[in-house]
Amino acid sequence: MSPLDPRRFRRAHGPEFPPSESLEGPLLEVTDLHTRFRSGAGWVRAVEGVTFTVGRGRALGIVGESGSGKTVLTRSIMGLLPTTGVERSGTVCLSGHDLTAMAPSVLRHLWGTEMAIIFQDPGTALNPVVRVGRQVTESLRKRLGLDRSEAHQTALALLTSVGIAAPEERMRSYPHELSGGMRQRVMIAIALACGPRLLLADEPTTGLDVTVQAQILDLLAAAQLQRSMALVLVTHDLGVVADRTDEIAVMYAGRIVEQAATADLFAHTRMPYTEALMRSIPQLADPSHTRLRAIPGRPPDLSTVEPGCRFAPRCPYVQDRCRAQVPPLRTAGPGHRFACWYPVSSPEGEEALARNVAAGVPAAVAFTGAPERRP
Amino acid sequence: MTGSGTAALRGEDALLRVEHLVVEFGRGPHRVRAVSDVSFDVMAGETLGLVGESGCGKSTTGRALSQVVPPDSGSVRFDGVELTELSGRALRQARTKVQMVFQDPISSLNPRRRILEAVAEPLAMWRVGSKAERRQRAEQMLEAVGLDPGVVGRRRPTEFSGGQCQRISIARALMLEPKLLVCDEPVSSLDVSVQAQILNLLDDLKRSHGLTMVFIAHDLAVVKNVSDRVAVMYLGKLCEVSSPDDLYRSPAHPYSEALLASIPQVDPASGHRSPALSGELPSPTDPPSGCRFRTRCPRAEERCAVEEPELRPVGVQHYVACHFPLARPAAPAET
């Protein structure tokens, strides 16, 4: 058995979870999750009726712009929301146990051992006045009940496994002595320390260089595979999730607007927002000075309630119906859900787009036509 | 990669000509050569893209252009004037023509200032026009960057998103009608959808205001989109200078190739290329001898440790600083 295998250790405290091998059904099951915050302007509806499942050892990508509620979603799943001014409803089941019904003192025993999270900014997520070593061994000692030298040895193995050279030396460093990529590796080591079955990674590579980003993503993928751990990868960059996830959910204004197997999502995009997001990214294959297809406007204010589809004001396909009725999530083939009245490359969608182009709707005009090369 | 040498320089008529630029920080054993003998030029109306990892000296180079960070040696010739020799009022006057846009749009605006005041401030400092005229110019400029001055003018930066703050920063940078705009990672903190808006805006403004740009970024796809010429930097030196289409089709430097390979591709059908680059940037206080990239280079040989490669031509307007450049496809028919 590898020194990193969590089964080597007894769990020191907390409720005993049935081992994952013996269970049927998905690992994580989120049902009709709502999270809203009280603010000066009323309630901010950050997550509105999100439902999805993640199978054991699978990787789900959650993609959305800033303010789409994706970070609040991960925190709602973990149970890391502030205690006041927040309302959460719906259920989050991990291996069949409802986390929303658990007291924080019980939930705490699952953090690290069953589920772990990696935050966006490794600079602020690590404690600046505690050496890296103690931050890695903390959960090993408290959750797994290892003694000092066992924890030290395990931490060394962990740091080596996330690609940190000279781990002995790094254990004695403070976070500020490490580069951003190194700190993110330490964060990953801490998250993996107790062998979680579910890893949530919230923008793990934003702010890192492309070369380091590729290294970190490869590291996460390798860890996921070796430990048959489920991974939820949250990002604003479709490119990050494109070749590293089994499934992708696209979020907009607190809702999932499209979800499909990764290849399916790219090949058979239905939701205009997903399409617009893909097209707004500069492509290496395009010649330089290709005009980008920006999505006009910006995400809606989540503190106001408007009827209809939240993407309607920016959508090239928008029709009157979109402004009046919220489109429900519909099924388009196995595992593919989308919320749109006039889906991409459907007869009604094409018609809607053509009508908007004819009427000179700016979003539609900017969206169609061959990519123009700037003079 | 260490590319010293001036082979990539073109004629004397360039708007900006940087030769043997050196910028150092710190003292004693901690002295860091952030920029180490870099030479390049930018023709009027051109956009030069400067790419590289964090710590490669690209931001320092950008700052040294407008003498925000005074260079230790080398020359920065802008529009016929040697900027390194100027000081005091003459330098400030010259700087009005070289403006900067920074990475973090929110912290580059004074949170207590109202937007209209912040945008009009450059004019107020140079006492251009009356207060009403300055106000009017600021309103026009806000409109030019796609904001409604009636709505945003009285507000403060905290009320805006990153993308909007970046538009405001761009408006402010253009108030004194600069000839050269140095953009230091202007879109790297923005969402992809907003990023596309800002890139299109910069391109529109470049044409409408006759701007020349130095565009600093770590995202190669973004750089390719905006640039007429790309310079790749590593650890304070230039490794490759080329037209963007040529560089992306046939990179000559192993580092450029590795950078290209690490870009995540949106199309999963394109297949995942694993990064050819391992490890991190070596410490700039004690850079490797010879070619600075050799410690991470898959093609490194003994010669790379002893002899520093100089920039030399490998194609039409394509220069590389490498002893063993990658083979190029036969005769690219490019102008």
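What distance separates the centres of domain 1 and domain 2 of chain A, taken over C-alpha atoms? The separation of these two centres is 32 Å. The structure is a predicted model, in which local features need pLDDT of at least 70 and side-chain atom pairs count only at pLDDT 80 or more, while totals for chains, interfaces and linings use all residues. Residues are numbered from 1 along each chain as its sequence is written, and chains are lettered from A and ligands numbered from 1 in the order in which they are written.

Domain 1 of chain A covers 6-14 + 27-252, and domain 2 covers 268-282 + 292-299 + 306-367; the bounds come from an automatic or database domain assignment. Seven residues of domain 1 and nine residues of domain 2 take part in the contact between them, two residues being in contact if their C-beta atoms, placed from the backbone, lie within 7 Å. On the domain 1 side, helix H9 (238-242) and strand E9 each supply at least two residues. Helices (H or I, at least four residues) and strands (E, at least two) are DSSP runs, numbered from the N terminus. By class, the domain 1 side has three nonpolar, three polar and one charged residues. In this classification Ala, Val, Leu, Ile, Met, Phe, Trp, Tyr, Cys and Pro count as nonpolar, Asp, Glu, Lys and Arg as charged, and the others, Gly among them, as polar.

Chain A contains an open sheet of eight strands with mixed pairing, in the order E6-E7-E8-E3-E9-E10-E12-E11. Strands E6 (115-118) and E11 (330-331) stand at the edges with a single partner strand each, so one side of each lacks a neighbour in the sheet. Two strands are taken to pair if DSSP finds at least two bridges between them. Within the sheet, E3 (residues 59-63) and E8 (residues 230-235) of chain A pair in the parallel sense over five bridges, and Gly61(A) has Leu233(A) as its bridge partner in E8(A). Helix H1 (residues 70-78) of chain A lies across E3, E6, E7 (198-202), E8 and E9 (247-252), and runs at about 150° to E7(A). For this angle, axes are lines fitted to C-alpha atoms, for helices over the stretch in contact, and angles run from 0 to 180 degrees between N-to-C directions.

Further strand pairing in chain A involves E1 (residues 28-39) and E4 (residues 86-94), which run antiparallel and are joined by eight bridges. The bridge partner of Glu29(A) in E4(A) is Cys93(A). Cys93(A) is in turn bridged to Asp98(A) in E5(A), where E4(A) and E5 (residues 97-98) pair in the antiparallel sense over two bridges. E4(A) and E5(A) form a hairpin with two residues between them, and Ser95(A) in the turn has a positive phi of about 50°.

Most residues other than glycine have a negative phi. Ser228(A), with phi near 35°, is found in the loop between helix H8 (210-226) and E8 of chain A. Ser228(A) counts as exposed, with 12 C-beta neighbours inside 10 Å. A residue is buried if 20 or more other C-beta atoms lie within 10 Å of its own, exposed if 12 or fewer, and partly exposed in between, with C-beta atoms placed from the backbone. His289(A) has a positive phi of about 65° and is partly exposed, with 18 other C-beta atoms within 10 Å.

The largest nonpolar core has 200 residues, a core being a set of buried Ala, Val, Leu, Ile, Met, Phe, Trp, Tyr and Cys residues joined through C-beta atoms within 7 Å. Helix H7 (residues 180-192) of chain A gives the largest share of this core, eight residues. Among the residues with the most contacts inside the core are Val250(A) and Val119(B). Val250(A) touches residues including Val63(A), Val257(A), Met271(A) and Tyr273(A), not counting residues up to four places away in sequence.

The contact between the chains takes 38 residues from chain B and 39 residues from chain A. Helix H7 (192-208) of chain B supplies the largest share of the chain B side, eight residues. The chain B side divides into 17 nonpolar, 13 polar and eight charged residues.
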